[in-house]
Amino acid sequence: MDNIFNDLKVDGVLITSPHNMRYLSGFTGGEGAVLITPTEKFIFVDGRYTIQAKQQTIGFNVVEFKNGLTSELEKFDFISLGIEDDFVTFSFYKKLKEVYKKCEFIGISAYLDIKRSVKTDDEVAFIKKAEEIGDKAFSYVLKLIKEDVTEKYLAEEIEHFMKVNGADGIAFDTIVAFGERCALPHAYPTDRKLKRNEFVLFDYGCTVNGYCGDMTRTVYFGKATLEEREIYDLVLKAQTESVRIIKSGVKCSDVHNFAKEILKLKGVDSYFNHSLGHGVGLKIHEMPNLSPKSTLTLKENMVVSVEPGVYFENKYGIRIEDLVSVTKEGCCNLTKSNKSFIEIN
Ligand SMILES: [Mn+2]
């Protein structure tokens with residue numbers, strides 16, 4: 001970040017999104033603003049966050065504003081100011097234009113997204129820890145699977161387990177889906193009861209120091225049909241083989257297309273209706289996407305999910321997801337939970 005003034009032609013950077021404020025300053029309060037100039041760093045907060053900002057930031061001047069953020073911003077002048085074009089509202093932008101009448105505003109969201117996509121070793125370690133807690137939650141929840149249990153119940157158990165086992169929160173609303181509900185890639189837990197002979201899909205993650213975990217496992221309650229078993233093994237093949245080709249220098253779109261080709265072996269590639277994966281970090285969905293549209297190339301220390309899935313309306317769905325950190329030679333799988341076919345009886 002310190003070289004932002006070399007990378008971009010700006011003489012100041014104003015950050016207001018919670019994730020980028022946290023990334024750049026350590027402040028987790030989510031409200032306020034971070035202002036960085038070539039010589040100084042400021043964080044502006046209201047009275048609720050003054051102590052917290054002092055505790056969480058290093059090298060920042062903590063300024064408590066009493067008459068609104070703009071009254072503090074008026075004390076500065078910029079020729080060219082970087083702002084988050086993907087986050088700033090139209091009304092805030094109009095205010096900024098009134099404060100800095102002759103200033104040119106430069107959108108820096110994409111720049112920060114790319115910057116954040118490559119993790120430090122510490123950031124990878126936090127994600128790894130989140131995934132370890134997720135792995136433990138999976139072993140725990142497997143034991144709770146039985147007839148008539150509800151999706152909501154299992155989801156609550158997973159979240160509670162993670163929170164009392166080292167997580168600081170959940171990365172996104174936990175998905176637990178049974179049977180035909182597994183065909184909704186973003187299913188939400190309901191009071192639906194588990195019946196014999198259907199799939200159970202779990203997709204969840206916790207946060208550790210703000211960094212997200214993310215994993216998906218699909219298991220079977222009862223005795224699967226041959227077809228169900230074959231499709232599962234195909235999704236598993238797409239998942240494991242895709243992980244195998246990931247390394248620094250590989251195009252993100254190539255990994256997606258590779259997985260799709262494997263699903264084509266049994267003609268189910270058209271039932272794979274999302275991208276193969278996404279970056280994770282302080283946000284659950286970050287750059288880069290393992291998608292056919294991506295123009296990015298994998299780099300060392302990017303962390304991405306690899307999650308092929310197939311979804312059959314009114315029947316069932318299967319998705320298997322691991323997180324991997326990209327290395328020079330390949331990748332390191334951060335998710336250790338068993339992914340071979342599991343039947344629970
Ligand atoms: Mn995911």
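Mentor: Domain bounds come from an automatic or database domain assignment. Here the assignment gives domain 1 (4-116) and domain 2 (118-344), and the C-alpha centres of domain 1 and domain 2 lie 35 Å apart. This is a predicted model: local features need pLDDT of at least 70, side-chain atom pairs count only at pLDDT 80 or more, and totals for chains, interfaces and linings use all residues. Residues are numbered from 1 along each chain as its sequence is written.

Trainee: How many residues does each domain bring to the contact?

Mentor: Two residues are in contact if their C-beta atoms, placed from the backbone, lie within 7 Å. Domain 1 gives seven residues and domain 2 gives six residues. On the side of domain 1 that touches domain 2, α2 (18-25) and α6 (109-117) each supply at least two residues. Helices (H or I, at least four residues) and strands (E, at least two) are DSSP runs, numbered from the N terminus.

Trainee: What is the make-up by class of the side of domain 1 that touches domain 2?

Mentor: Ala, Val, Leu, Ile, Met, Phe, Trp, Tyr, Cys and Pro count as nonpolar, Asp, Glu, Lys and Arg as charged, and the others, Gly among them, as polar. That side of domain 1 has two nonpolar, two polar and three charged residues.

Trainee: Let us turn to helices. What should helix α7 span, and what is the distance between its end C-alpha atoms?

Mentor: The expected span of a helix is 1.5 Å times one less than its number of residues. Helix α7 (residues 121-142) has 22 residues and should therefore span 32 Å; its end C-alpha atoms are 32 Å apart, in agreement.

Trainee: Which residues of α7 are buried?

Mentor: A residue is buried if 20 or more other C-beta atoms lie within 10 Å of its own, exposed if 12 or fewer, and partly exposed in between, with C-beta atoms placed from the backbone. The buried residues of α7 include V124, F126, I127, A130, I133 and F138; E123 and E131 are also among them.

Trainee: How is a sheet read, and in what order do β7, β10 and β11 stand?

Mentor: Two strands pair if DSSP finds at least two bridges between them. The three strands form an open sheet in the order β7-β10-β11, with antiparallel pairing. Its edge strands, β7 (169-170) and β11 (211-212), each pair on one side only. Strand β10 (residues 206-208) is joined to β11 by two bridges, and T207 has C212 as its bridge partner in β11. Helix α7 packs on this sheet, touching β10 and β11, and its direction makes about 140° with that of β10. Axes are lines fitted to C-alpha atoms, for helices over the stretch in contact, and angles run from 0 to 180 degrees between N-to-C directions.

Trainee: Which strands make up the sheet that contains β8?

Mentor: That open sheet has four strands in the order β8-β9-β12-β20, with mixed pairing. Strands β8 and β20 (343-344) are its edges, each pairing on one side only. Between β9 and strand β12 (residues 215-221) there are seven bridges in the antiparallel sense, and L201 stands opposite T218 in β12. Helix α8 (residues 151-163) lies across β8 and β9, at about 150° to β8.

Trainee: In what sense does β5 pair with β1?

Mentor: Strand β1 (residues 12-15) and strand β5 (residues 80-83) pair in the parallel sense over three bridges, with V13 opposite G82. Strand β5 is also joined to strand β6 (residues 104-107), again parallel, by four bridges; there G82 stands opposite I106.

Trainee: Is P189 buried or exposed?

Mentor: P189 counts as buried because 20 other C-beta atoms lie within 10 Å. P189 sits in the loop between β8 (175-178) and β9 (198-204). Apart from neighbours within four places in sequence, P189 is in contact with E151, K152, A155, T174 and V176.

Trainee: Finally, which backbone angles deserve attention?

Mentor: Most residues other than glycine have a negative phi, and most peptide bonds are trans. In this model, M287 and P288 are joined by a cis peptide bond, with omega about -5°; P288 lies in strand β14 (residues 286-290). D148, in the loop between α7 and α8, has a positive phi near 75°. D148 counts as exposed, because it has 8 C-beta neighbours inside 10 Å. N301 also has a positive phi, near 75°, and lies in the loop between β14 and β15 (303-306). With 17 C-beta neighbours inside 10 Å, N301 counts as partly exposed.
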